[in-house]
Amino acid sequence: MTGSGVLLSVENLTTEYRTAGGGVPAVQDVSFQVHRGEIFGLVGESGSGKSTVIRSIIGLLPKPAARITRGTVRLDGLDLISLDPREMRRIRGGRVAMVFQDPMTSLDPVLPIGDQIREGLRYHGITGRAAQARVLEVMSLVGIPDAPRRQRAYPFELSGGLRQRVAIAIALAASPQVLLADEPTTALDVTIQDQILKLLLSLKEQLGMSVLLVTHDLGVVAQTCQRVAVMYAGRLVEIGPVTTVFSAPAHPYTRGLLASLPGLATGRTRLRAIPGSPPDLGSLPSGCAFRTRCPIAIERCAEVVPPLEDHGTDHLTACLRHQELGQTDD
Amino acid sequence: MTEPLLRLDHVTKTFPIRRGLISRPHGPRQAVHAVTDVSFTVMPGETFGLVGESGCGKSTLARLIVRLHRPDSGSVWFEGKDLAALGRSELRGLRPRIQMVFQDPYSSLNPRMSIRAALSESLTVHHVVPSMAIDGEVGRLMDQVGLHRGLADRYPRELSGGQRQRVGIARALSVRPQLLVADEPVSGLDVSIRAQILDLLADLRDELHLTLLFISHDLSVVEFLSARVGVMYLGRLVEMAPTEDLFASPGHPYTTGLLAAVPSIDPTVATRSPAVRGELPSPVDPPSGCVFRTRCPIAQPICETLPPIVPLSQEHWAACHFAQDGRREGSSPSLARVTSMADDTQQNRETR
């Protein structure tokens with residue numbers, strides 16, 4: 001693994017949304033670590049809770065609808081959850097930055113992009129000539145050509161790909177230790193997605209920063225991340241190095257997801273889709289939430305929530321029957 | 001050989017644009033060149049895939065085929081009839097034979113109609129079955145697309161995305177079409193649900209001997225369903241091939257780049273540089289000659305002229321000055337160069 005040691009540590013994170021019918025657990029007992037200088041992937045389908053994890057980390061949960069009921073988030077030892085809002089604002093956009101899915105909604109439509117990058121810098125105490133130099137520096141870092149002229153452009157004048165580069169430039173301006181990227185390429189075309197992913201990879205190398213990449217796209221994870229956590233119905237079901245998880249998935253959900261991909265040049269005539277659809281978070285099945293769709297579920301799966309257990313080589317899975325999974329080839 | 005079910009003959013469609021609130025009648029007329037000179041045929045029972053990124057004109061093409069638009073020039077032939085020449089009543093008779101499945105069933109279904117009402121409506125309007133048989137037919141359609149009959153009285157908002165798309169497909173099938181035009185039917189869906197819908201489309205096509213025109217930005221999805229594929233870029237068809245050929249030996253540099261840009265789920269296959277540099281030019285003012293030349297790694301001055309259609313093998317052609325004729329052994333000089341030059345490309349070398 002690149003870098004040394006843990007930078008961001010999430011322990012037993014549990015986040016609930018309040019609804020008329022009581023608390024709905026969006027995230028339950030989630031623990032993982034992002035190492036220095038690594039791109040860590042958090043993958044799951046819609047409603048799995050992956051965006052709630054990111055919002056819990058950075059203190060951007062909708063209030064008062066959502067709250068963290070348990071767990072800790074530590075950045076380099078600093079407990080982020082216990083920070084007061086003023087301290088959190090200094091961390092956010094400073095040591096921890098964020099890039100969202102749709103740059104058109106995260107950028108200010110009536111402010112030139114250069115000013116938007118500068119705005120973040122001012123907040124973190126960089127002004128005047130130093131700020132201007134930094135604006136041009138980060139713009140060229142993220143591959144926006146002709147920065148001195150382009151800094152006066154408004155978001156609507158830019159393509160989707162360039163807008164996402166601007167969003168990344170804003171995130172990078174204050175030299176964050178960790179970048180939280182929530183589906184950063186989902187709204188982009190595949191050739192532009194490819195450019196942005198390669199940009200993230202080269203930024204990670206150049207700046208040594210860590211990235212927590214949230215996505216639904218397994219291909220994106222395979223091409224950019226060193227380690228990955230798979231989320232289903234609010235819980236992590238598998239964590240491990242990308243090479244291991246993708247070649248030998250140890251949870252039936254991960255295995256099903258990989259089998260659901262058409263994949264280029266595989267010549268399959270049917271996909272072995274996972275039956276059914278994800279459960280309603282308000283009325284989760286007892287025990288393992290995946291058991292209602294799982295091809296190898298047994299009665300015991302309804303009785304206990306399987307713990308995430310390590311079986312060597314940093315590969316963890318939350319499945320009572322993971323050993324059986326390794327043997328069956330379906 | 002049988003007659004093609006669908007034939008597009010040099011179809012071109014532009015959309016005029018007006019700037020500002022007051023149009024300038026004396027200013028230069030500007031238009032979005034959505035589809036330019038597209039020709040292809042689809043045989044009965046065949047699944048033809050159209051792939052391209054946003055703005056390539058694939059959805060406009062779908063709308064031209066179901067005659068939601070008329071072409072500016074060129075023609076669309078269905079069962080030997082020119083769609084543009086059909087009168088109102090002939091067109092009405094034709095509507096049920098060509099049906100469309102849209103990307104977002106939430107916006108294509110009436111939110112105030114239950115599933116039963118939505119399916120009954122098309123059955124009634126087109127007199128598919130006698131009115132007393134409608135309920136039975138609704139049930140049969142729901143079985144066919146894998147929807148539980150108990151959902152018949154639900155409304156679209158009460159269904160999941162996958163279920164809504166099943167309703168969209170059932171409604172298209174209700175009038176027993178020959179040709180199903182599916183425009184990004186799985187794009188809004190989660191991976192596991194997408195796989196279910198793709199399997200369903202494959203099953204239905206085989207059971208009902210449907211002809212399917214399948215449109216998507218996702219190469220893997222197109223490959224899964226289609227026997228032949230056309231690749232579109234900026235309004236033009238740049239390559240056409242039987243599916244296997246296209247993926248094994250792409251003939252156009254855009255296809256090569258597009259294939260390389262898809263993130264592989266094999267983490268050991270990693271590349272450092274972007275497969276295609278730069279961004280899509282404006283469809284208002286597309287490049288002269290080859291439309292891909294502004295982003296093409298092997299472009300030469302000659303590319304400012306319109307590229308020829310180069311036949312590569314049986315039913316495989318590419319519109320490129322440097323497409324190679326004959327059987328390729330994986331060592332075509334032009335494409336080898338595409339790959340090596342793509343490796344040299346810096347991500348900040350954007351051309352715009």
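User: What makes up the largest nonpolar core, and which members touch the most others?

Analyst: This is a predicted model, where local features need pLDDT of at least 70, side-chain atom pairs count only at pLDDT 80 or more, and totals for chains, interfaces and linings use all residues. Residues are numbered from 1 along each chain as its sequence is written, with chains lettered from A and ligands numbered from 1 in the order in which they are written. A nonpolar core is a set of buried Ala, Val, Leu, Ile, Met, Phe, Trp, Tyr and Cys residues joined through C-beta atoms within 7 Å. The largest one here has 190 residues, and A:Ala169, A:Val178, A:Leu180, A:Leu212, A:Leu236 and B:Leu213 touch the most other members.

User: Which residues does A:Leu236 touch?

Analyst: Two residues are in contact if their C-beta atoms, placed from the backbone, lie within 7 Å. Leaving out residues up to four places away in sequence, A:Leu236 touches A:Val30, A:Phe32, A:Ala229, A:Val230, A:Met231, A:Leu308 and A:Ala318.

User: Why is A:Asp102 called partly exposed?

Analyst: Buried takes 20 or more other C-beta atoms within 10 Å of a residue's own, exposed takes 12 or fewer, and partly exposed is in between, with C-beta atoms placed from the backbone. A:Asp102 has 17, so it's partly exposed. The C-alpha atoms of A:Asp102 and A:Ala167 are 9.3 Å apart, though 65 residues separate them along the chain.

User: How do you know how confident the predictor is about chain A?

Analyst: Look at pLDDT, its confidence in each residue from 0 to 100. Chain A averages 91, and 96% of the residues score at least 70.
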